[in-house]
Amino acid sequence: MIFENTERDVYYEERSSRMRSKIFTFDFAVDSKNNKPLLFGKNFWTIQPHYHSKLELIYILKGSMRMLVNSGVFDVNEGDLFAINPSEIHAAYICREHPHVEYIFIGIDLMECQLIDEKVLKDLMDRHCVLQRTNYKPEFANQIGRYMTTFYELNAKSDNNPGIKLEMKAISLSIISKFIQNDYIDYSIIQTSSSDNFVLKAINFIENNYSHQITSAEIKKEFSYNYSYFCRLFKKNFFTPFSVYLCEYRICKAVEEISESASEHIKISEISSRVGFTDYCYFSSCFKKYVNMPPSEYAKQVRKKK
């Protein structure tokens, strides 16, 4: 079973201004808007392990979720603010016991914040310091939450209005400046660990090789480990076996391809091959396990919606 991801309004993102805002709601079901699964693993991933160049802030409106950042695990609950710094490997999941969470998300490109103190900005961009990740005073978290809510509301009605865009930039500047004013800057977290490097390398390896059968020889060549040690290391860092994660990743890609090619009527057997499955029966079984319906039924539903 896969959670539902309902996005209320589209996020704002242009080449000239890379700020994003979303509100997400997760429940048990299939993604009702984008028709693709977002959650994996024992307790259902909401965000698969990944990294990017933006600063991300997450404010929990309802429920709770578990964040995994670099080598740390953090539980965040209603009213909590959580910061993910540029280039930090992160993921999140929701446990079965608490299957509903709603949070607002903002992604800020630090290049948009050039009016902020040059040294602090340069240190943040060069990873010589980071925003404190969690454990903020409640009043600070609520203040930033209000900023993020206003940002989201502006984003929903922006319609490329230059005045609203400017106000959104001003809010992103205010958010970063509040972190600096309240001394939520940490200069002690400078280096990434060998574990972080492994996760980063594993993410890139899977992205580049999921479409074909991955051999133990390929893994040894890429990581200089034998397959058995690689699998132990993978499970330790991803909290799920490599074979399970790879299967789920391929199913995610299959759902994306079925959704994107709905009007083209491409054979599902062809899509299963594209995402790395050599046995269609096994693919169909895995698809039903994670999406809760056979791929043929899923394709019919996607075509109806379009």
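Reader: Where is serine 224 placed?

Author: Serine 224 belongs to the loop between α5 and α6. Keep in mind that this is a predicted model.

Reader: How do you know whether serine 224 is buried or exposed?

Author: Look at its relative accessible area, which is 62%. The cut-off for exposed is over 50%, so serine 224 counts as exposed.

Reader: Which loop holds aspartate 183, and what is its phi?

Author: Aspartate 183 is in the loop between α3 and β10 (185-186), just after α3. Its phi is near 60 degrees, again positive in a residue other than glycine.

Reader: Why is aspartate 183 called exposed?

Author: Because its relative accessible area is 63%, and exposed means over 50%.

Reader: Okay, now the opposite case. Why does asparagine 209 count as buried?

Author: Its relative accessibility is 13%. Buried means under 20%, so asparagine 209 counts as buried. You'll find asparagine 209 in helix α4.

Reader: What is asparagine 209 in contact with, leaving aside neighbours within four places in sequence?

Author: Ile214 and Glu218. A polar atom of the asparagine 209 side chain also lies 2.8 Å from the backbone oxygen of phenylalanine 205. A polar contact needs N or O atoms within 3.5 Å, and 2.8 Å meets that distance.

Reader: Let's go to α3. How do you know that its length agrees with what a helix should span?

Author: Put the two values side by side. At 1.5 Å a residue, the 20 residues of α3 should span 28 Å, and the end C-alpha atoms are 28 Å apart, so the two agree.

Reader: What happens at the start of α3?

Author: A side-chain oxygen of asparagine 161 comes to within 2.8 Å of the backbone nitrogen of glycine 163.

Reader: Which residues of α3 are buried?

Author: The buried ones include Ile164, Met168, Leu173 and Phe179, and Lys165 and Lys178 are listed too.

Reader: What is lysine 178 in contact with, apart from neighbours within four places in sequence?

Author: Phe140, Gln143, Ile144 and Tyr147. Lysine 178 and glutamine 143 are 35 residues apart along the chain, yet their C-alpha atoms are separated by 9.3 Å.

Reader: What makes you say that strand β8 is largely enclosed by the rest of the structure?

Author: Count the buried residues: 8 of the 8 in β8 (residues 101-108) are buried, so the strand is largely enclosed. Val101, Tyr103, Phe105 and Gly107 point one way, while Glu102, Ile104, Ile106 and Ile108 point the other way.

Reader: Which strand does β8 pair with, and over how many bridges?

Author: With β4 (residues 55-69), in the antiparallel sense over 8 bridges. Pairing takes at least two bridges, so 8 bridges qualify. Leucine 57, for one, stands opposite isoleucine 106 in β8.

Reader: And α6? Which of its residues are buried?

Author: Phe230, Leu233, Phe234, Asn237 and Phe238 are buried.

Reader: How do you know where they sit around the axis of α6?

Author: They cover an arc of only 110 degrees around the axis, which puts them on the same side of α6. Arg232 and Lys236, on the other side, are exposed.

Reader: What comes at each end of α6?

Author: At the start, a side-chain oxygen of asparagine 226 reaches to within 3.2 Å of the backbone nitrogen of serine 228. After α6 comes phenylalanine 239, with a positive phi near 65 degrees.

Reader: Which residues touch the most other members of the largest nonpolar core?

Author: Phe198, Phe234, Ile251 and Phe287, out of 38 residues in that core. Helix α7 (242-260) is one of those that supply at least two residues, and α7 gives the most, with 9. Apart from this core lies another of 26 residues, including Ile144 and Tyr152.

Reader: Why would nonpolar side chains gather like that?

Author: In soluble globular proteins, they tend to be buried together.

Conventions
Residues are numbered from 1 along each chain as its sequence is written. This is a predicted model: local features need pLDDT of at least 70, side-chain atom pairs count only at pLDDT 80 or more; totals for chains, interfaces and linings use all residues. Side-chain values use heavy atoms; hydrogens and water are left out. A nonpolar core is a set of buried Ala, Val, Leu, Ile, Met, Phe, Trp, Tyr and Cys residues joined through side-chain atoms within 4.5 Å. Buried means under 20% relative accessible area, exposed over 50%, partly exposed in between (1.4 Å probe, protein chains only). Helices (H or I, at least four residues) and strands (E, at least two) are DSSP runs, numbered from the N terminus. Contact means heavy atoms within 4.5 Å. The expected span of a helix is 1.5 Å times one less than its number of residues. A polar contact is a pair of N or O atoms within 3.5 Å; within protein, one must be able to donate a hydrogen and the other to accept it, and residues adjacent in sequence count only if both atoms are side-chain atoms. The arc is that of the directions from the helix axis to the C-beta atoms.
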